[in-house]
Amino acid sequence: MRRHWIDNLRWATVLLVLLYHVVYFYNNKGVFGGIGGFGEYPGCPQYQDVLMYILYPWFMPLLFILAGISARYALDKYSAREWFKARTRKLLVPGTIGLFVFQWMVGYFNTVVAQKEAVFDGVPAVAKYIIMAVSGTGPLWFIQVLWLLCLVLLIVRALDRKDKFWTWCGKADIVWIVLLGVLFWAGEQTLIRNPRPESADGLLNLYKPLFYMVPFLMGYFVFSHDEVQEKVGKAWIPLMVSAVIAGGVLIGTTFGQDNTSPEYLGSPLNCIYGYLMCLAMMGLFQARWNCTNAFAGYMTRSSYGIYIVHYLVIASFGYMMKTYTQLPPWSMYVILTLAVFSLSPLLYEIIRRIPLVRWCVLGE
């Protein structure tokens with residue numbers, strides 16, 4: 001039986017990622033990446049940046065939970081070898097080969113935005129191309145980490161060959177499901193609080209593999225059970241109310257801070273809000289949107305590809321408008337939003353019709 005609510009929640013979350021990146025690209029809260037805002041905080045608070053505080057604590061962990069659930073369903077149908085081979089094509093190919101075929105263009109704008117053009121002085125063209133390709137990883141960190149977690153899952157499954165732990169997890173009631181948020185908090189504590197500039201600490205904090213392993217395995221062992229999904233679905237209203245209250249307090253007391261810093265992410269209130277929103281969104285979609293139509297079907301098939309290509313639209317349009325025009329800030333947000341939601345699907349549709357490029361960029 002197809003669980004349409006999972007498909008719908010996945011593509012809806014991807015659309016929120018696109019919207020998030022519009023605001024993120026122009027943020028002035030010190031968040032790494034983007035081109036910067038339109039004034040210095042607090043002289044120009046940029047209240048539109050509140051969208052980052054609303055979304056960042058939960059939307060990527062939610063995608064990993066859904067990936068864990070889907071992994072369980074897929075491994076019930078296919079052998080581990082077949083599944084991992086398919087995951088490698090779908091995740092690792094775009095996250096490596098795709099960098100050199102498509103994402104190098106994102107890398108160009110990332111380099112220009114960071115004002116590091118000087119790094120190319122005297123650099124041979126081939127080396128410049130490699131630098132741009134690696135710099136173009138951008139949102140593809142998600143699929144790189146997901147591929148690594150798929151490898152970890154195969155090892156974990158070998159320790160639970162008879163599904164005893166998975167079966168035990170399915171007995172959790174709503175109280176225990178909520179209390180699992182402690183694991184969410186524990187995962188955030190793996191971030192490096194004082195990253196050393198000369199080390200890979202910053203990269204580990206960006207990728208957060210140990211943290212994202214928590215929601216991924218929770219999805220596989222806990223939320224893949226129909227009984228658990230039904231319990232969360234029945235409790236979606238109190239879960240959503242609790243999440244909104246926690247989020248309101250969090251944002252009201254921290255707006256202006258770098259909401260991606262290890263200290264911020266590891267705070268108990270951020271973890272409570274993030275986990276409750278993951279539960280509330282799963283409950284809402286399980287209870288209300290377990291259906292499909294033509295648009296939902298298209299988005300189910302296409303959201304992954306749209307995610308893969310969308311940041312080129314963000315980086316190119318966002319950079320050129322802020323650098324070469326005198327448009328008022330509000331119009332830049334509007335234009336960039338319209339561009340990413342219209343041109344990303346168009347770009348995806350073009351790429352998926354070119355056989356070799358389709359395999360390299362989309363893993364199809």
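This is a predicted model: local features need pLDDT of at least 70, side-chain atom pairs count only at pLDDT 80 or more; totals for chains, interfaces and linings use all residues.
1. The sulfur of Cys-169 lies 17 Å from the closest cysteine sulfur, that of Cys-278, which is too far for a bond. A disulfide is taken here as a pair of cysteine sulfur atoms within 2.5 Å, and the count by this rule is 0. Cys-169 is buried, at 7% relative accessible area, and Cys-360 is buried as well, at 8%. Buried stands for under 20% relative accessible area, exposed for over 50%, and partly exposed for what lies in between, with a 1.4 Å probe and protein chains only.

2. Residues are numbered from 1 along each chain as its sequence is written, and side-chain values use heavy atoms, with hydrogens and water left out.

3. The structure holds 31 aromatic pairs, a pair being two rings of Phe, Tyr or Trp (its six-membered ring) with centres within 6.5 Å; planes under 30 degrees apart are stacked, over 60 edge-to-face, and the rest tilted. One of the pairs, Phe-64 with Trp-141, is tilted, with 6.3 Å from centre to centre and 35° between the planes. This pair links distant parts of the chain, since Phe-64 belongs to helix α3 (residues 59-77) and Trp-141 to helix α6 (residues 141-159), 77 residues apart. Helices are DSSP runs (H or I, at least four residues), as are strands (E, at least two), numbered from the N terminus. Both Phe-64 and Trp-141 are buried. Ring pairs also join these two residues with Phe-142, Phe-184, Phe-211, Tyr-212, Tyr-275 and Tyr-307 in a cluster.

4. The charged end of Arg-3 sits over the ring of Tyr-73, 4.1 Å from its centre, and that of Arg-72 over the ring of Trp-166, 3.9 Å from its centre. The criterion is NZ of Lys or CZ of Arg within 6 Å of the ring centre and within 35 degrees of the ring normal.

5. Grid points are joined across faces, edges and corners, and a volume is the space filled by probe spheres set on the points. The search finds 1 cavity of 30 Å³ or more. Trp-5, Phe-223, Gln-229, Val-232, Met-282 and Gln-286 line the largest cavity.

6. The largest pocket holds about 1400 Å³ of space. Its lining has 44 residues, and Tyr-24, Phe-32, Gly-33, Gly-138 and Leu-206 lie nearest the centre. By class, the lining of the largest pocket has 28 nonpolar, 13 polar and 3 charged residues. Nonpolar covers Ala, Val, Leu, Ile, Met, Phe, Trp, Tyr, Cys and Pro, charged covers Asp, Glu, Lys and Arg, and the others, Gly among them, are polar.

7. The second largest pocket holds about 1200 Å³ of space. Of its 34 lining residues, Arg-2, Asp-7, Arg-10, Ser-70 and Arg-87 are the closest to the centre. The lining of the second largest pocket divides into 19 nonpolar, 4 polar and 11 charged residues.

Conventions
On a 1 Å grid over the protein atoms alone, a cavity is a set of points where a 1.4 Å probe fits but cannot get out, and a pocket is an open set with protein on both sides within 12 Å along at least five of seven lines; lining residues have an atom within 4 Å of a point.
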